[in-house]
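I want to look up how the chains meet and which side chains pair up.

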Amino acid sequence: MAKFASIRELKIDIPKEAKILAERMLKDLENSKRPVLEAVKTSLDNSLYNSKVGYLTPGDKIVRTELNVSSVQKLARVVFVLEILLRNLDIGSVNTKRELYYMCKGLIKGNKSLKPLDFEDQSESDSIIDFIGDMLEVYREELNCFANDRGGQTYSQQLVVTETLQDGDKAIIDLSTLGTSPFQPKNKPQSLKLKAKKKIDFCLIVESEGTANTLVSMGFTKRNNCIVMGAQGVPSNGVRGWAKLIQDQLDVPMYFFGDLDAYTLQNIYRTLKAGSAASLIRNADFSAPNVKFLGVLPEDVKKYDLPHYKVRESDPVEARALKKAKDALEGDPFFADKKNKNLADILRWLIKEKIRCEQQSFFSVDPNDPIKTEKLILEKIKKGIYV
Amino acid sequence: MSKITKSSTAEYFAKNLQQVGFSSPLKAVLTTLKEAVDNSLDACEQAGILPDLLIEVSKIGNGSTKNTDLIRIVVEDNGPGIEADDIAKVYGEYLASSKFGRGQCSRGQQGIGISAATTWAQMTNARGVSVTSKTTRMRKALSAQVDVDIKTNTGIVKNKETHDWDREHGTRVEFISDGRIQLNGDGGLLTYIEGTILVNPHMTITYKFNEADYVTITRVSNEIPRIPEATLPHPHTFKLGEFITHATLFGKVTLSKFLKTGFSRISDQSISDFVKAGLPKSLLEKSITSISDEEFKKVFSAIQNTNLMAPSTKSVLTVGEESLSKSITRLGEIDFFAVVTRKPTICDFKPVVVEVALARFKDRNQSTDTSVTLLRFANRVPLQFDKSGCAITWAIESVNWKSYGLQQSKDSLPNGPYIFAVSIVSPFIKFKNASKETIDASDELVAEIRLALIQAGQKLSRHIKKEVKEADLERKLAHIEQFGPILVEGLARIVGAPESRKKKAEEGLKKLLGRESEEAIADLEAAESKLLEQKRKEKKMGIEHDDIDLEDEDFDFGGDGEESQGTRKTTTTTAKTTTAKTTTAKTTTTTAKKTTGKKS
């Protein structure tokens, strides 16, 4: 059966690696030696950032799981789930994490001797799957385990996407023929090839999918040769991979337009641009380092007199984000880098002023002009008012 | 002009019975019972008799007030009895007491309690108390009804008659009055009985509530507690007004005589110290009846400003660790317990002794989320109300029980199926109010109680630690058994290994993990030997834990976590110390769960 198109040139053959690993463990047990499983430590203190590279890369730290009385349950589970994933790879089957959880439960139900392994809830099986990925240093998708990726709705009059299907056929999607509907990349955007019918000037990624839709409905993509994409909050892997594809294959300037607040800056923009600590292994293929931060900027607030409001202590998300911002300025290698000094400055400004300003506030500048926001965005791009 | 009349003490109390424990129908029953039992126990102890009590409480109809029942309370004892002439005074007169101001650690002190109970019965059922009494001097027993004459504060005896009785001496009282019966909970009758049983190991009690059967709990000690000598109060515990009032008890004596005989720790040396501190020397030989209040004030402040020796601690008595430990087994089947009796000490210039007993019960029907059952005692009388304001409660809440293995939310009582019993004995206990429901929390007292609790907690934690280690070991062994094979099978499948390799790997795994379980076993052995050490020490002091016979040195903790061996001589050890009546002694019924039989 034909294999799915791969995301990258995988250096390892997963089934083979898994076999080697299992063999090693078995040999250790035969000799009464404690087998040890090592995985890359996916945390901020093990993240390195180099502006030339553009995304967070893993450091040297590893997490060692040694077999002992307390960890024997986890390791037994790892082997159990690994078997399932290997079988999936073998027969070409694909499952989401939740589906895998139920498959596990079904297998355990059918085999009495497996009962001690039983999972209480999905989070337990999720962490085992993540551990296997970290251990083998492969993407979850390469284990044929896919997440429910959301966001990434894309509008453009010039973009053409060619998708190579699993049986070799090609599907060609011309986004200009989709009418008002967006194109939404699924979780393996890397299997797509992009082409521009006419020169595309820039790609605008908007934090709010709704606002992206508004801009397009008012004719943004008609008047400009561009791509407009809605991130829909924190960018999923699909969105991140898709943005990278656009950056690499079309080589157009990319701008991110979102709220001016600590949460957006740290969790949405930074993740889009440089990946995250939790996905250290995959940041290479799932981040778009060239994305620039278009707004809302502190100077926009002053220049356009944008309505904004104070961060309330009781607001859990924002207040926590501000606290995290302080830590980020000290401990996050992304914000510590000289190249990102302006971004760090914005964070400092936010911590000091304790305000937030939403992207939709741009609509207050001239409510009588329905495309004022579009004009402002274009003005900013032209004048270079971005970070 | 309105007339101003003088009321008698009885009138005052009749109108204010709620101040002395009759503020609700539930409390009325409990207080009546308590007062009668207190009197019985005190009388028996004073006369050197081992108390045998009979208690009956039952609902016999509807009460006269809304939402109350008519309750019959009977308390019968084998005490010395009350002389015919005294019956009226005891039951019918307020503040007529043999013990007022005496500075002894007796249960009753003021002479209010039983008279209040009589008044309550009169007011709610138009009939005072029915008393039957026989002393050794009397040929026949005397029965009568005693009412309180409210206006004159005297007792009225009615319907006297004499008759034979089945005993040499004793007293029986019967109250019929409004109330409600509550058996369980803090204010319940069973809780009261439990507490009374705990701190009176020398008492045998038979009780019957409503329709239930008679229950008899036998004594576990034949020692009658010696009530220590009455002690004089220490001058530093008095306020000015009390000081002046105290003087009036002494009549026409000189000031120096009053000081030396009315208080403890005042010697000639102290008197000269007082003079140095400002006491006018001329007053010393003056008769106190001729000393003015102004002059008393000078005397008082001179005394307060002089350092005096702390009072002697001979005036307190304890139940004792040995007796407490035997007594606690009367309350049910216990898993384990810890008792601590502190040495007598001085708190706020008063001699105090604190005793603590903590026990975990097997079938307490309490989940680990409910608070421990708290039994508080003041001079061996259970306190059941106003728990939150009591010095004892404060002390318990201030200890970090988590470090001893119990669950506890911040600043509250710990949780679990435990009984916490704390007893304070002192000739001068300061209660928060006249109903004597809760002890005033002075810093020194709370600190002393805390120390006792901490000592008990440490002992208790050894038991708990052993349990925890046992559970830990079990868990580890289970993990090895369960997950080992699954892990090896999975690996073998992935690799495609033959059966022989699988077997070898399983062996290897067992060896690996077996090493860990050996560590856990060593841990457990360490905890067990610490516990054994503690039990040995306690045995020397007379405290028996009835699950392991420490005399049998043939003890094998079993290097592979198996059950321990050794013969069980629990019945004989307890028989040595208790009386022959082991009908209800729960010690004998907790037969060893671990089987005998030497393993080959």
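This is a predicted model: local features need pLDDT of at least 70, side-chain atom pairs count only at pLDDT 80 or more; totals for chains, interfaces and linings use all residues.

How much area is buried between chain B and chain A, and what share of that area do carbon and sulfur atoms give? I get about 2600 Å², with 72% from carbon and sulfur atoms. Buried area here is the accessible area (1.4 Å probe) that two parts lose on being put together, summed over both.

Residues are numbered from 1 along each chain as its sequence is written, chains are lettered from A and ligands numbered from 1 in the order written, and side-chain values use heavy atoms, leaving out hydrogens and water.

**The interface**

I looked up the contacts (heavy atoms within 4.5 Å). On chain B 26 residues touch 29 residues of chain A. Next I checked salt bridges, meaning a side-chain nitrogen of Lys or Arg within 4 Å of a carboxyl oxygen of Asp or Glu. The rule finds 3 of them across this interface. One is E83(A) with R493(B), whose closest N and O atoms are 2.7 Å apart.

Which helices of chain B each supply at least two residues to the side that touches chain A? I found helix 12 (443–495) and helix 13 (499–540). Helix 12 gives the most, with 15 residues. Helices and strands are DSSP runs (H or I, at least four residues, for helices; E, at least two, for strands), numbered from the N terminus.

**Elsewhere**

In one, D147(B) meets K158(B), with 2.8 Å between the closest N and O atoms. D147(B) is in strand 4 (residues 141–149) and K158(B) in strand 5 (residues 154–163) of chain B, so this pair ties together parts 11 residues apart in sequence.

I also looked for charges over rings (NZ of Lys or CZ of Arg within 6 Å of the ring centre and within 35 degrees of the ring normal). R282(A) lies over the face of Y139(A), 5.2 Å from the ring centre. K27(B) has its charged end over the ring of F385(B), 4.6 Å from the centre.
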